[in-house]
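Here is a short walk through one model. Keep the sequence and the 3D view side by side as you read.

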Amino acid sequence: MATVPASGMPQERTRLYPAAAIALVAEVLLAGGAFVLLTHKSPMPMEPPPTVLTLAAPPAPTPPAPKPVVPTPPKPEAPQPVRPVVPVHHVVTHAQAPKPAVVPPPQPAPTPAPLAPSDAPTEPAPAPRPAPAPPPAAPSTGSPSFEGALRAAIQAALHYPESARMAGMSGRTRVAFQYRDGVVSDVRVVVSSGMGVLDRAAVAAVRDAAYPKPESAFVGKTLSEQLWVTFNLDDHD
């Protein structure tokens with residue numbers, strides 16, 4: 001085993017002291033730097049001041065400059081032609097005095113000549129005969145008995161409306177029509193009952209009725225008739 005001489009130990013210790021001191025100083029510096037870094041707060045960033053924007057209205061358009069008014073030179077007036085003056089000659093006429101009217105002398109009235117016997121009137125002219133009287137016109141309506149037969153035929157063909165019966169409606173309607181040989185035409189309401197349903201039923205009865213044959217005096221002739229159509233609840237129970 002090798003042994004280190006005692007004289008060499010102090011020299012090595014003297015070399016280790018400066019190195020140890022340098023290492024200790026470096027370690028202290030590193031520890032201090034780390035402490036400073038940990039305890040030092042970074043400064044807060046400065047916020048920029050807010051920018052104020054001002055919206056300005058666009059400038060109004062500048063009106064165009066008025067155009068200079070150029071005066072219109074007056075038009076020269078054309079000279080009016082001078083009319084020549086025509087002298088007026090006054091003609092004086094002398095009125096003549098009116099001549100007196102000449103009145104013819106009155107002539108004597110002629111004396112009528114005596115009538116000859118052949119020129120004298122013998123007989124007066126015959127008077128005109130009166131025109132013959134026209135034959136009597138046939139009556140436009142039938143006899144009372146025939147009208148009663150027509151009325152009976154219409155009442156027999158009358159159908160009382162069910163709605164009017166349930167509502168308790170009654171009355172009468174006057175209907176006009178033309179009758180010719182058992183056929184009627186031109187049926188119309190002359191006097192209304194005041195209820196349309198009854199008027200329509202009356203017209204239907206006149207059209208649908210079975211009429212009797214006309215009297216011998218009215219065959220081939222048109223009769224104008226107006227009859228009452230009666231709606232009575234007691235007659236149609």
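Which backbone oxygen lies 3.3 Å from a polar atom of the side chain of Ser 193? That oxygen belongs to Met 195. Bear in mind that the model is predicted.

Now place the serine. Ser 193 sits in the loop between β2 (183-191) and α4 (196-208). Its side chain also makes a polar contact with the side chain of Asp 199, at 2.9 Å. Leaving aside residues up to four places away in sequence, Ser 193 touches Arg 172, Thr 173, Leu 198 and Asp 199. Is Ser 193 buried or exposed? The relative accessible area of Ser 193 is 18%. The cut-off for buried is under 20%, so Ser 193 counts as buried.

Turn next to charge pairs. Side chains of opposite charge can pair when their charged atoms come close. How many salt bridges does a search of the whole structure find? There are two.

Arg 165 has 27% relative accessibility, so Arg 165 counts as partly exposed.

The other salt bridge links the side chains of Asp 186 and Arg 188, at 3.1 Å from N to O. Asp 186 is partly exposed at 45% relative accessibility. Arg 188 is partly exposed too, with a relative accessible area of 37%.

Note on methods. Residues are numbered from 1 along each chain as its sequence is written. This is a predicted model: local features need pLDDT of at least 70, side-chain atom pairs count only at pLDDT 80 or more; totals for chains, interfaces and linings use all residues. Side-chain values use heavy atoms; hydrogens and water are left out. Helices (H or I, at least four residues) and strands (E, at least two) are DSSP runs, numbered from the N terminus. Buried means under 20% relative accessible area, exposed over 50%, partly exposed in between (1.4 Å probe, protein chains only). A polar contact is a pair of N or O atoms within 3.5 Å; within protein, one must be able to donate a hydrogen and the other to accept it, and residues adjacent in sequence count only if both atoms are side-chain atoms. Contact means heavy atoms within 4.5 Å. A salt bridge is a side-chain nitrogen of Lys or Arg within 4 Å of a carboxyl oxygen of Asp or Glu.
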